[in-house]
Amino acid sequence: MYYWFHQSFYMAKAFPFIGGWLADRLLGDPEGWPHPVVGFGKVISLGEKTLNKGNDRTVKGGVMALILVAGTYLLCERILALAGYFHPIVASILSGIGVFYCLAGKTLVKEVKAVFEAVDRSTEEGRKQVGRIVGRDTSRLSPQEIRAAALETLAENLSDGVIAPMFWFALLGLPGMMAYKMVNTLDSMIGYKNERYLEFGQIAARLDDLANYIPARLTAWLMLAVSGNLNKTDFVKRFGPAHASPNSGYPESALAAILNCRFGGTHDYFGKPVEKPYIGINERTFTTEDMLIAIKTNSNAELLMGLIVCLISIIIH
């Protein structure tokens, strides 16, 4: 009895994660609900408008990024500590809510399905739909390019939106998970290599590269593992580093290996063509079946990572 009492106590440490994870799997990101990332975006936007001027923009942007990331971690830690002082269950509930808001698994799958359904109806509708989830110019994309963009985004955001947040939760709890989301939001807003953000967002972009270094490679391994393609690790090692990003190429190359296809090529960003190296060698037409296989791979990789995090939460108590 004593043993099982203590085991149930330790397992309770994993309950907030499980609750938040299941909530994301069931609800996704309901429209109209308040979201902490929206708040992150407003703070970043205010800081950028205030500081991104004059000299020393790299230093200003770096200091802002570091303060926001550290501040997010410490604020979350203090809120949970105060909630725990009031009652441990309150802290657990807040932690579960935080996990729910930090994951984007269901929303990602929903958006990619919508792209494939839209492009089947018309190319123009597909362009508009894929424009919701990619940063490139979609106005001249062909149906093949629309489907490719959706699949690339599915793989890349499995890492950014699911595996990486879970990884940082396993390592540093909800404060680490929230701090990661701040890093990711900073990169998505100011981490561009254009005239406005090249200097100011330089440190934010490097922080994002660092925060995603292990999760991106872990994502690729999980994708290969759940799809029965662990024999294709050499493919990922070959094409993963070819991407312009130090991380995005790994999950994309894993999906290219699973689907036996080719990603990459030249795309327009902010009115300028950007040439991306090809990932994979088999140039072929993408189909709805490819989307279904990719979504199944994403779902199973997320499930495996979730189980790993649960075990870590139980063992490290």
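Predicted model: local features only at pLDDT ≥ 70, side-chain atom pairs only at ≥ 80, totals over all residues.
Asn-260 sits in the loop that links helix H11 (249-259) to strand S1 (263-269). The phi angle of Asn-260 is near 50 degrees, a positive value in a residue that is not glycine. Is Asn-260 buried, partly exposed or exposed? Its relative accessibility is 47%, and Asn-260 therefore counts as partly exposed, since that class lies between the limit of 20% for buried residues and the limit of 50% for exposed ones.

Asp-56 is found in the loop between helix H3 (36-51) and helix H4 (57-86). Asp-56 has a positive phi of about 55 degrees, although it is not a glycine. With a relative accessible area of 55%, Asp-56 is exposed, because the term applies to values over 50%.

How many helices and strands does the protein chain have? Its secondary structure comes to twelve helices and two strands. Read from the N terminus, the order of elements is α-α-α-α-α-α-α-α-α-α-α-β-β-α.

The overall dimensions come next. The C-alpha trace of the protein chain spans about 60 × 55 × 40 Å along its principal axes. For 317 residues, a compact globule would have a radius of gyration near 20 Å, and the protein chain agrees with this, because its own value is 20 Å. Of the 317 residues in the protein chain, 46% are buried. Contacts can also be sorted by separation in the sequence: among those between residues at least 6 apart, 70% join residues at least 24 apart.

Finally, a database record can be set beside the model. In an unreviewed entry, UniProt places the feature "transmembrane region" at residues 58-75, 82-101 and 162-180. What is the secondary structure of residues 58-75 in the model? This span is 100% helix and 0% strand, and its end C-alpha atoms lie 25 Å apart. Residues 82-101 are 95% helix and 0% strand, with 20 Å between the end C-alpha atoms.

Terms used. Residues numbered from 1 in each chain as written. Heavy atoms only, no water. Helix = DSSP H or I, 4+ residues; strand = E, 2+ residues; numbered from the N terminus. Buried < 20%, exposed > 50% of the residue type's maximum accessible area, 1.4 Å probe, protein only. Rg over C-alpha atoms; globule rule 2.2 N^0.38 Å. Contact = heavy atoms within 4.5 Å. UniProt positions renumbered as here; feature names shortened; annotations may be inferred.
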